Amino acid sequence: MTHVAPSLPPLDINRGPTAPEGGEIGPVQSGFKLAMREFAQNRLALIGLGILAFFVLFCFVGPLIYHGDTINTSLENTLLPPGAGHPLGTDNVGLDVLGQLMRGGQASIEVGFFAAFIGIFIGTIFGAIAGLIGGLVDSGMMRIVDVFLSVPFLFVVLIVAVRYGASVLSLSLIIGGYTWLVPARLVRGEVLTLRTRDFVSAARAAGSSRGRLITRHLIPNAMSVIIVNVTFNVADAILAVATLGFLGFGLHYPNIDWGDMLSNGIQYLQAGNWWLIYPVGACIVLIVMACNLIGDALRDSLDVRLRRR
Amino acid sequence: MISYLIRRIGTSIIILIGISFFIFFLLHIIYPSPAIDVLGSRANTALIDAWNKEHGFDDPFIVQYLHYMNQLLHGNLGYAYKFNQNVTTLFQERWARSAYLTFMSLLLAVLVAVPLGIFQAIRRNTVGDNVVTSLAFVTYAMPVFFLALILIQVFALSFPIFNFEASQDTNVFAVMGDWHSMTLPILTLSLVTIAGFSRYMRSSAMDTLTQDYIKAARAKGLTERMVLSRHLIRNACLPMVTLIGLTIPALLAGSLITETVFNYQGLGLLFYNALNNADYNVLLAYTLIGASLTVIGNLVADLALTVADPRIRLA
């Protein structure tokens, strides 16, 4: 790669000045630091991080600077094309599109991260327990994962969301409650290979309980799998929220999400009111792409092999 | 081999039972009884209790579950109280249309993604590969409905080549003939699928290209065309078999959205309408069918792989 910063020390830490000659011993966090350095050299990953950072600023800091009216409808100002006062125009009830984009993005980002966190949390613990205990318990727990994975995600999320109503919290719980399956499988796989390693035997010999083994030894070592999966889960959750919103089962006025905006804009497609569709569509695509870029780069640099759904 | 088959089929049956239990339980919690839907919101408690008793909705959960499963195995999917029809009848009217949309999209996706992935692997890191990779990456991040909107904008409004609504014909053969209306829905669903497939196909073909038997084939003087058609394609396609099995839930979700956007009277649109009406039995039956299709699809994919790949058969 041509864009390696010249100030960086050589990557081979085993041969670095502090490592003993010919030794295999590096600093404890060497693997992770190495991976982060490799990540920082991946141009696409940095673009992804940049896009994500932009959207976080745009959605959470933007409304402090830009005060487009997204609450009070104004029938004098409906369907205004982009222009002075409304950089991205107004919608069919006179709400400012740019302001709506910012507020809608808040919901998408909040649900995306919160749901991913819930999913990873449940999945990690479930997978670690299954992998550590092994045997019949393990196969039973994994059949449960198989059962859940066979039921199409969108169907269940739709059924539950329609019945219990959509809010940032409920959507996060519903989506997170259904996206722990893939992480559970991956973490279990990691734990199965980790539990035969010497440091786990040593911890066992030292009298560690199962809980301590999981939280102090197994999960930290399965962290790379977990981190990579979080980013993909964020992307999936944002897409799921947008889909729910588009189908009309997302957040409702005065709350708003991107999918909801798009489904509102579809009625004006034929009228040529492009500003109701393409800006919000581009936002969804860009933020999902950013998460996927970051995830791909993390996967490469942490050297994780995993399969997405 | 035989023991593998038995174990694999046995697992699938256990998972099917687990699925039916889970879905029935989930919907049972959400919609305990359709009494209100049938009797109206002004029905009093005594009336509701009487109706529940008469129709078995006051039985213990496990009895209701076993009763439903018994009916299901006899081909009776229950009654859709909001649509006022048998669920089986509703499904019989629509399944062929959904099957056509989904199957054509899947077929198109495989026919495009396989050559595309191989092309990318051969021309790795050239301009062509990068362009395809970028396009696939963007499409992969695109919600199905947004892709559908873009296609409608371009091919139905800006350049009115195709219809923006799917065929409304009730005869599935007429639907098949109606290219003017069916191109955009099929294109939408297959583009999303291609975006997912081509990534795997590219890396699978790249893995295969490094194998010794490819070197051997070249070394014995085969033309590049023969190497590709006889040795590369077959081996590179093996992971696709598993992938197609795994794609079924995504395809079902995609067809739900596509049918909604294009107003195509298939099972996905029926499910969407049932969501709006809270028609319990339709939701239950279609979720069950979707999940069973997923399990069966994965099973068939695994079995097909043992047929296609002797290494698995002998292992």
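Me: In chain B, what share of the contacts with a separation of 6 or more joins residues 24 or more positions apart?

Reply: In chain B, 70% of the contacts with a separation of 6 or more are between residues 24 or more positions apart. Two residues are in contact if their C-beta atoms, placed from the backbone, lie within 7 Å. This is a predicted model, in which local features need pLDDT of at least 70, side-chain atom pairs count only at pLDDT 80 or more, and totals for chains, interfaces and linings use all residues. Residues are numbered from 1 along each chain as its sequence is written, while chains are lettered from A and ligands numbered from 1 in the order in which they are written.

Me: What is the mean pLDDT of chain B?

Reply: The mean for chain B is 86, and 99% of its residues reach 70 or more. pLDDT is the predictor's confidence in each residue, from 0 to 100.

Me: And which figures does chain A get?

Reply: Chain A has a mean pLDDT of 80, with 86% of its residues at 70 or more. Over residues 1-20 of chain A, pLDDT stays under 50, and the model has 16 contacts beyond four places in sequence for that stretch. Where pLDDT is low, the predicted coordinates should not be read in detail.

Me: What ipTM does the predictor give the complex?

Reply: The complex receives an ipTM of 0.86 and a pTM of 0.85.

Me: Back to chain B: how many helices and strands?

Reply: Chain B has 14 helices and two strands. Helices (H or I, at least four residues) and strands (E, at least two) are DSSP runs, numbered from the N terminus. The C-alpha trace of chain B spans about 85 × 60 × 30 Å along its principal axes.

Me: What percentage of chain B is buried?

Reply: Of the 315 residues in chain B, 34% are buried. A residue is buried if 20 or more other C-beta atoms lie within 10 Å of its own, exposed if 12 or fewer, and partly exposed in between, with C-beta atoms placed from the backbone.

Me: How many residues of chain B are in contact with chain A?

Reply: There are 34 residues of chain B in contact with 30 residues of chain A. On the chain B side, the elements giving two or more residues are α1 (2-30), α6 (127-140), α7 (144-158), α11 (224-262), α12 (267-277) and α13 (280-308). Helix α1(B) gives the most, with eight residues.

Me: What kinds of residues are on that side of chain B?

Reply: The side of chain B that touches chain A divides into 28 nonpolar, six polar and no charged residues. Ala, Val, Leu, Ile, Met, Phe, Trp, Tyr, Cys and Pro count as nonpolar, Asp, Glu, Lys and Arg as charged, and the others, Gly among them, as polar.

Me: Which residues meet where α5(A) touches α1(B)?

Reply: From α5(A), Arg143(A), Asp146(A), Val147(A) and Ser150(A) meet Ile14(B), Ile15(B), Gly18(B), Ile19(B) and Phe22(B) of α1(B). These divide into five nonpolar, two polar and two charged. The axes of α5(A), residues 135-150, and α1(B) come within 9 Å and cross at roughly 65 degrees. Axes are lines fitted to C-alpha atoms, for helices over the stretch in contact, and angles run from 0 to 180 degrees between N-to-C directions. The crossing of α5(A) and α1(B) is right-handed. A crossing is right-handed if the near helix is turned clockwise from the far one by less than a right angle, and left-handed if anticlockwise.

Me: Inside chain B, how do α5(B) and α9(B) cross, left-handed or right-handed?

Reply: The crossing of α5(B) and α9(B) is right-handed. Their axes come within 6 Å and cross at roughly 35 degrees. The residues of this contact divide into 20 nonpolar, seven polar and one charged.

Me: Changing topic, where is Asn84(B), and is it buried or exposed?

Reply: Asn84(B) sits in the loop between β1 (79-80) and β2 (85-86) of chain B. Asn84(B) counts as exposed because 9 other C-beta atoms lie within 10 Å. Its phi is positive, about 55 degrees, although Asn84(B) is not a glycine. Most residues other than glycine have a negative phi.

Me: What about Asn125(B): which loop holds it?

Reply: Asn125(B) lies in the loop between α5 and α6 of chain B. Its phi is near 65 degrees, again a positive value in a residue other than glycine.

Me: Why does Ala235(A) count as buried?

Reply: Ala235(A) is buried because it has 24 other C-beta atoms within 10 Å. Ala235(A) lies in helix α11 (residues 223-246) of chain A. Leaving aside neighbours within four places in sequence, Ala235(A) is in contact with Val288(A), Cys291(A) and Asn292(A).
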